[in-house]
Amino acid sequence: MSVVKGWCPGALQPMESGDGWVVRVRPRGGRLSMAQAAGIAQAAEHHGNGLIDLTGRANLQLRGVTPATHAPLITDLRRLDLIDADIATETRRNIIVTPFADIETDRLATTLEAALAVSTLTLPAKFGFAVDTGPAPVLTQTPADIRIERAADGHLLLRADGMATGQPLTDMACALDLAAWFLSRGVTDGRGRMAALIARGTTPPASLSPAVAAPIPGPGPVPQGMLVALEFGQAGAATLTALAALGPIRLTPWRMLLIEGLHAAPDLPGLILDPADPRLRLRACTGAPGCPQAHAATRPLARSLAAQVPKGAVLHVSGCAKGCGWPHPATVTLTATSQGFDLIRGGRAHDIPQLRGLPAARLPEVL
Ligand code: SF4
């Protein structure tokens, strides 16, 4: 059994954490049937600690899995068609799909998945694809190295992350050719990303502008059903079981699930249904005790400060400088250290703080 520490888990390659192994599941096409969603909830309860994370790339993570429960968990997930043939295939199948997918988007995602399954490319662990061909792009803020979008005239476009323009997508081979181009430019370490290569001045041919991106919606009704937000992007098994009974689920990278065909949202533990709820302004990683690298508990602190976060602002509480909970700058970031909390305004968890070593009791007055 291969277990990774602090880096890109999968289902077949779980990651050690403070609360056991983290097993990441990549639902195909970003969708779960009702049976799959119910099955994941049941598996999380039987083989983990019953907590399920929704990640920033619209994957699910089952927490609290043990060396003894991992194999039966994989058996259950394989029955639900959620497991790849091997670790290499699982790692390559790093595709995020717009939750507002239409039939053509589904076809593109399926074709890309099939092409990657038989590809011999050895891509960096985090290298990923976005299929963002709904009515308007919505994944431009979500990490991805190769993006399939629509051009302003509606035609399909292939864009390297970091480029303002792309090239026409004639078939899926173009997307793999762009990945091969990336590898051919001498990206030698396993963490290489497309945007970093582009920033160094190496660019592929591109001339077509993508369509204008749409704003990210909040919880509430959308044409496909209902978006419901998860506090800190985490749901308990009971909540997922209840949601699974309401309809098929599309995953989003915004800590929200889209329940297809749903018109009235249920009030379930951990769900946020009001777009004005201040908890939507909070970001917090797992923190202590779930993460062994954490210097403090993060989510209870963030929750206690929610009422002080004004509309439009983001408060990020991070258990350490790694900043897993929010890789972007936040209005205020509180980074736990061995000496207390560092406060960073307009930056990330690892940026230079304006205030250092604050005790938790002082945080309400300095925010
Ligand atoms: S940011 Fe949070 S979850 Fe990530 S390593 Fe640090 S304490 Fe752990």
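Tutor: The side chain of Asn94 makes a polar contact with the side chain of Arg57, at 3.0 Å. A polar contact is a pair of N or O atoms within 3.5 Å; within protein, one must be able to donate a hydrogen and the other to accept it, and residues adjacent in sequence count only if both atoms are side-chain atoms. This is a predicted model, in which local features need pLDDT of at least 70 and side-chain atom pairs count only at pLDDT 80 or more, while totals for chains, interfaces and linings use all residues. Residues are numbered from 1 along each chain as its sequence is written, and side-chain values use heavy atoms, with hydrogens and water left out.

Student: Which backbone oxygen does the side chain of Asn94 reach?

Tutor: That of Phe127, at 3.1 Å. Contact means heavy atoms within 4.5 Å. Leaving aside residues up to four places away in sequence, Asn94 touches Arg26, Arg57, Ala125, Lys126, Phe127, Gly128 and Phe129.

Student: Is Asn94 buried or exposed?

Tutor: Buried means under 20% relative accessible area, exposed over 50%, and partly exposed in between (1.4 Å probe, protein chains only). Asn94 counts as buried because its relative accessibility is 3%.

Student: Where in the fold is Asn94 placed?

Tutor: Helices (H or I, at least four residues) and strands (E, at least two) are DSSP runs, numbered from the N terminus. Asn94 is in the loop between α3 (87-92) and β7 (95-97).

Student: In which sheet does β7 take part?

Tutor: Two strands pair if DSSP finds at least two bridges between them. β7 belongs to an open sheet of five strands with mixed pairing, in the order β7-β8-β9-β10-β11. β7 and β11 (167-168) stand at the edges with a single partner strand each, so one side of each has no neighbour in the sheet. β7 and strand β8 (residues 129-131) run parallel and are joined by three bridges; Ile96 stands opposite Ala130 in β8.

Student: Why is strand β20 described as largely enclosed by the rest of the structure?

Tutor: Strand β20 covers residues 330-337, and six of its eight residues are buried, so the rest of the structure largely encloses it. Strand β19 (residues 315-318) pairs with β20 in the parallel sense over four bridges, and Leu315 has Val332 in β20 as its bridge partner. With strand β21 (residues 340-347), β20 pairs in the antiparallel sense over seven bridges. These two strands, β20 and β21, form a hairpin with two residues between them, and Thr337 stands opposite Gly340 in β21.

Student: What joins the side chains of Arg63 and Thr286?

Tutor: A polar contact of 3.5 Å. Arg63 lies in strand β6 (residues 60-65) and counts as buried, because its relative accessibility is 4%.

Student: How is the protein divided into domains?

Tutor: Domain bounds come from an automatic or database domain assignment. The division gives domain 1 (4-84 + 217-272), domain 2 (101-134 + 141-199) and domain 3 (278-366). The centres of domain 2 and domain 3, taken over C-alpha atoms, are 33 Å apart.
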